Amino acid sequence: MFACVCIAARQKSAWNDERLFAEILKRIRLALDPIFADVQPVLLMDALPVHLTSRVLNVLGKSGLWPLLVPSRTTDALQPLDTHVFSCYKHSLREACDVARTASAAGDISILQFIGCLRSAIEAHIVE
């Protein structure tokens with residue numbers, strides 16, 4: 001039996017960078033630890049430069065996760081979740097965060113407000 005754990009990460013700038021992605025990979029590896037003896041996890045990634053830094057590749061090498069790179073300009077053919085689910089989710093999340101920022105006197109949002117934005121975007125596009 002598997003448990004589902006959701007971890008939200010938030011930074012001042014950029015949705016994802018080398019440091020954050022390396023941390024995400026470490027957490028993925030920990031989550032997969034119970035099944036590592038029986039299966040070889042393969043991580044499907046696009047060719048985003050953040051995915052290909054030496055720091056990220058070192059984490060992948062140490063973790064035992066095998067990266068499988070989707071060539072540029074093939075996302076629509078090879079990653080339908082990216083084009084039909086995640087793109088809508090990300091758009092919805094950006095809109096919710098923009099609305100929350102506009103409503104905030106400081107022009108920024110708290111982590112609690114961000115989690116609310118995540119929840120509304122997930123409910124709208126991921127969970128039905």
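Modeller: A salt bridge is counted where a side-chain nitrogen of Lys or Arg comes within 4 Å of a carboxyl oxygen of Asp or Glu. Please keep in mind that the model is predicted.

Colleague: What is the N to O distance in the salt bridge between D33 and R29?

Modeller: The cut-off for a salt bridge is 4 Å, between a side-chain nitrogen of Lys or Arg and a carboxyl oxygen of Asp or Glu. D33 is partly exposed because its relative accessibility is 46%, and R29 is partly exposed as well because its value is 21%. The side chains of these two residues meet in a salt bridge, with an N to O distance of 3.0 Å.

Colleague: Over the ring of which residue does the charged end of R29 sit?

Modeller: For a charge to sit over a ring, CZ of Arg has to be within 6 Å of the ring centre and within 35 degrees of the ring normal. The charged end of R29 is 3.5 Å from the centre of the ring in question, and that ring belongs to F36.

Colleague: How many residues apart are D98 and R101, whose side chains meet in a salt bridge?

Modeller: The two side chains meet with an N to O distance of 3.3 Å. D98 is partly exposed, as its relative accessible area is 42%, and R101 is partly exposed with 34%. Both residues belong to helix 4, which covers residues 80–103, and they are separated by about one helical turn because they are 3 residues apart.

Colleague: Is S92 buried or exposed?

Modeller: S92 lies in helix 4. Leaving aside its neighbours within four places in sequence, S92 is in contact with A121 and H125. Buried means under 20% relative accessible area, and S92 has a relative accessibility of 16%, so it counts as buried.

Colleague: Which elements give two or more residues to the nonpolar patch on the surface?

Modeller: The patch is formed by V42, L44, W66 and L68, which together have about 420 Å² of accessible area. The elements that give two or more residues to this nonpolar patch are strand 1 (42–46) and strand 2 (66–70).

Colleague: What is the relative accessibility of W66?

Modeller: W66 is found in strand 2, and it is one of the residues that form the nonpolar patch. The cut-off for an exposed residue is over 50%, and W66 counts as exposed because its relative accessibility is 51%.

Colleague: In what order do the elements of the protein run from the N terminus on?

Modeller: The protein has 5 helices and 2 strands. From the N terminus on, these elements run α-β-α-β-α-α-α.

Colleague: What share of the residues in the protein is buried?

Modeller: The accessible surface of the protein comes to about 9200 Å², and 61% of that area belongs to carbon and sulfur atoms. The protein has 128 residues, and the share of them that is buried is 23%.

Note on methods:
Residues are numbered from 1 along each chain as its sequence is written. This is a predicted model: local features need pLDDT of at least 70, side-chain atom pairs count only at pLDDT 80 or more; totals for chains, interfaces and linings use all residues. Side-chain values use heavy atoms; hydrogens and water are left out. Patches are made of residues with over 30% relative accessible area and no salt bridge: like charges are joined within 9 Å, nonpolar side chains (Val, Leu, Ile, Met, Phe, Trp, Tyr) within 5 Å. Accessible areas come from the Shrake-Rupley method with a 1.4 Å probe; for residues, only the protein chains shown count as cover. Helices (H or I, at least four residues) and strands (E, at least two) are DSSP runs, numbered from the N terminus. Buried means under 20% relative accessible area, exposed over 50%, partly exposed in between (1.4 Å probe, protein chains only). Contact means heavy atoms within 4.5 Å.
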